[in-house]
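Q: I have a fold open on my screen and I'd like to learn how to read it. Can we go through it feature by feature?

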Amino acid sequence: MIRGFSALTLLIASAAPLMAPAAAQAQTAATKPAPKVEGAFTLPALPYAADALNPAIDAQTMTIHHGLHHQAYVTALNNAVAADPALKGQSLEALVAKAGTLPAVVRNNAGGHWNHSFFWKSMAPVAQSGQPSPQLLAAITAKWGSLDAFKKEFQDAGLKRFGSGWVWLIRDAQGNLAITSTPNQDNPLMDVAEVKGTPLLGNDVWEHAYYLKYQNKRGDYLSNWWQVVNWQKVSERFAKSAR
Ligand code: MN3
């Protein structure tokens, strides 16, 4: 009897996680990726709830994107740095700046960590999306004619990126605004970037960023995404990038 009771208790205990909501399961999985080493780099918390970017980006996409994809870049970066004494103690920015001289695993995962940390802060709930500052709007209008024309070119650059990558608004060394795109997890701060500059805004056009909601319709994701761009943050970056 006692043995039977124990087995039943064990069965109930092991079945319990299966009854948790899908989001909670993803969170649980995100907290224990394997193998994980203690490292300098950690997953930053989302600056809003996972469902805060609805309807542009759904909660399940956000939970998986942040808790599993971004966490995987952090874990892989920590593992790579732990295995290479020459890399220990270096900042994320230092690794990104010389990514082209580092092993691919470091370039990809340092880029992945930097890009996603930047990406979460580039967005806000619809009600807090706001507008570009007058100074940023003037610079955008001077370059593209209008905010809508800028958005159209940014979306086109995102659509044209073959495979996985990012589309960016940057300010180059001469102070000019430009729209650029990078493959994989590269970014405009990297020595390998075709066009270098200070990122002001970036959108992730990997399928993992939109596929659950948009499937193959990357264009719809790119156009809906403007609803959740944090223009206050983008404007702050623009002001800081002034020479
Ligand atoms: Mn991503």
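This is a predicted model: local features need pLDDT of at least 70, side-chain atom pairs count only at pLDDT 80 or more; totals for chains, interfaces and linings use all residues.

Q: Which exposed residues does the face of α10 turned away from its buried side carry?
A: They are Ala239 and Lys240. Helices here are DSSP runs of H or I with at least four residues, strands are runs of E with at least two, and both are numbered from the N terminus. Residues are numbered from 1 along each chain as its sequence is written.

Q: And which residues of helix α10 are buried?
A: In α10 (residues 231-240), the buried ones are Trp231, Val234, Arg237 and Phe238. They sit on the same side of α10 because they cover an arc of only 120° around the axis; the arc is that of the directions from the helix axis to the C-beta atoms.

Q: What do the buried residues of α10 pack against?
A: Their partners are α6 (134-144), β1 and β3. Contact means that the C-beta atoms of two residues, placed from the backbone, lie within 7 Å. Take Val234: leaving aside neighbours within four places in sequence, Val234 is in contact with Ser122, Pro132, Leu136, Leu200, Leu201 and Val229.

Q: How many helices and strands does the chain have?
A: There are 10 helices and 3 strands, and along the sequence they follow the pattern α-α-α-α-α-α-α-β-β-β-α-α-α. Of the 243 residues, 32% are buried. Among contacts with a separation of 6 or more, 69% link residues 24 or more positions apart.

Q: In what order do the strands form the sheet?
A: Two strands pair if DSSP finds at least two bridges between them. Here the 3 strands form an open sheet in the order β2-β1-β3, with antiparallel pairing. The edge strands, each pairing on one side only, are β2 (177-183) and β3 (198-204). The twist averages 25° from one strand to the next. Strand β1 (residues 165-171) pairs with β3 over 6 bridges; Trp168 stands opposite Gly202, and Ile170 opposite Pro199.

Q: Which helix packs on the sheet?
A: Helix α5 (residues 104-121) does, touching β1 and β3, and its direction makes about 85° with that of β3. Axes are lines fitted to C-alpha atoms, for helices over the stretch in contact, and angles run from 0 to 180 degrees between N-to-C directions. Strand β3 is mostly covered, with 6 of its 7 residues buried.

Q: Which residues touch the most other members of the largest nonpolar core?
A: A nonpolar core is a set of buried Ala, Val, Leu, Ile, Met, Phe, Trp, Tyr and Cys residues joined through C-beta atoms within 7 Å. The largest one has 28 residues, and Val228, Val229 and Val234 touch the most other members. At least two residues each come from α7 (147-160), β1, β3, α9 (218-224) and α10, with β1 giving the most, 5 residues. Apart from this core lies another of 15 residues, among them Phe41, Val81, Val106 and Ala110.

Q: Which peptide bond is cis, and where is Pro55 found?
A: Most residues other than glycine have a negative phi, and most peptide bonds are trans. The bond from Asn54 to Pro55 is cis, with omega near 0°, and Pro55 is in the loop between α2 (22-30) and α3 (59-82).

Q: What is the phi of Asn184, and what is that of Gln215?
A: Asn184 has a positive phi of about 55° although it is not a glycine, and Asn184 lies in the loop between β2 and β3. Asn184 counts as partly exposed because it has 16 C-beta neighbours inside 10 Å. For Gln215, phi is near 50°, also positive in a residue other than glycine. Gln215 is in the loop between α8 (211-214) and α9, and counts as exposed because it has 11 C-beta neighbours inside 10 Å.

Definitions and conventions: A residue is buried if 20 or more other C-beta atoms lie within 10 Å of its own, exposed if 12 or fewer, and partly exposed in between; C-beta atoms are placed from the backbone.
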